[in-house]
Amino acid sequence: MYASIRGSRRPSTPRKSRLTFRLAVLASTVALGAAGLAVAATPSSAATCNGYVGLTFDDGPTGSTSALLSVLRANGVRATMFNVGQNVQNNQSAARAQVDAGMWVANHSWNHAHMTSMNQSQMQSDLSQTNSAIQAATGIRPQLFRPPYGETNSTLQSVASSLGLRQVIWDVDSQDWNGASVSQIVSNASRLQDGQVILMHDGIQNTRDAIPQIMANLTSRNLCPGMISPSTGRAVAPDGTPPPTTPPPTGTPTTPPPSGGCTATATTPNVWGDRYNTSVTVQGASNWTVVVALTPPQRVSTTWNGSPSWDSTGYVMTMRSNGSGNTFGFTTMMNGNSGARPQIRSCTAG
């Protein structure tokens, strides 16, 4: 999944004694056991740091996200999670857990494709779909975007900007994706300077094991984990905004929150080598409009039991009821992308 990137574009704590720092970590861990949630990097402690670095983790959420969050919280770390939209759609609870743990969530494309090979409309659809999935799962709309593999161009940067996303690459590559050992990851992280950002990944054991040593090194240099500024793309002091307490929208990954009095749920009853069928059931209204987004380069070839229309990209379909009942369907040609499935963006009655 990871590729070699040339040069730098590849994929402070308070002035206290080390003993004091360890006691603070212990206290935060005890609080976590008692309350189930603790964010140790508070605005009051961050205010005395001599500098800030951005710890970032790509490609989540994964089956190991819970383990990563446990290590981060135990070490008083808030980090930025560059999430893949398809992973968020398939694991909304893990995405929500990131936010509940005090992490910042950001856009890392829909399915980690080489986006510079896309045209502008495909880029727009990809990033919009990822934004929607993250917002549906967490209630937060991303402000940051990291292109897969660090590959970018002026078109992609322009599209990201039009969606309110600041592009963030990295200054230091941990090389965890390349099989780096714990000591190598720690050594790479030791190069971080004030304002810089490091690339790490969700789902890698060596990365989790390296976090306590990374934090010890940062502490010795009076550097603290910070947030990444949407204005500059550099690490800055956390803004003090606590993790949200509003419950996430309910529903399955393919069912958006109720909107206008109806919900729509998608299933995929038939899958072949080059195409698959999607069946969508609408509840709560007999006259409805459902918006469905595809992942490029997939395309719908056939629809039934509804009246479809398309946006200018050809990847967002609006299906309206036509008197054929509350279940409609369509066939999607994979066009080389066998893993993606359509995302229902909204269901509106009337």
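Buried, in this talk, means under 20% relative accessible area, with exposed being over 50% and partly exposed in between, using a 1.4 Å probe and protein chains only. By that cut-off, both Cys49 and Cys224 are buried.

Before going on, some notes on the source. This is a predicted model, where local features need pLDDT of at least 70 and side-chain atom pairs count only at pLDDT 80 or more, while totals for chains, interfaces and linings use all residues. Residues are numbered from 1 along each chain as its sequence is written, and side-chain values use heavy atoms, leaving out hydrogens and water.

Back to the cysteines. A search of the whole structure finds 2 disulfides, a disulfide being a pair of cysteine sulfur atoms within 2.5 Å. In the pair Cys49 and Cys224, the sulfur atoms are 1.8 Å apart. The torsion about the S-S bond of Cys49 and Cys224 is about -70°, so this disulfide is left-handed. The pair links distant parts of the chain, 175 residues apart: Cys49 sits in the loop between α2 (43–46) and β1 (51–60), and Cys224 in strand β8 (residues 223–225). On naming, helices (H or I, at least four residues) and strands (E, at least two) are DSSP runs, numbered from the N terminus.

The other disulfide joins Cys262 and Cys347, with sulfur atoms 2.2 Å apart. Its torsion about the S-S bond is about -120°, so the disulfide of Cys262 and Cys347 is left-handed. Here, too, distant parts of the chain are linked, 85 residues apart: Cys262 in the loop between β10 (235–236) and β11 (263–271), Cys347 in strand β18 (residues 343–349). Both Cys262 and Cys347 are buried. Counting bonded cysteines along the chain, the pattern is 1-2, 3-4.

Now a helix pair. At what angle do α8 and α9 pack? Helix α8 (residues 182–189) and helix α9 (residues 205–220) pack at about 50°, with axes 8 Å apart. Axes are lines fitted to C-alpha atoms, for helices over the stretch in contact, and angles run from 0 to 180 degrees between N-to-C directions. The two helices are therefore oblique to each other; angles under 35 degrees count as roughly parallel, over 145 as roughly antiparallel, 65 to 115 as roughly perpendicular and the rest as oblique.

Which residues of α8 make the contact? They are Val182, Ile185, Val186 and Ala189, where contact means heavy atoms within 4.5 Å. From α9, the contact residues include Asn206, Ala210 and Ile214.
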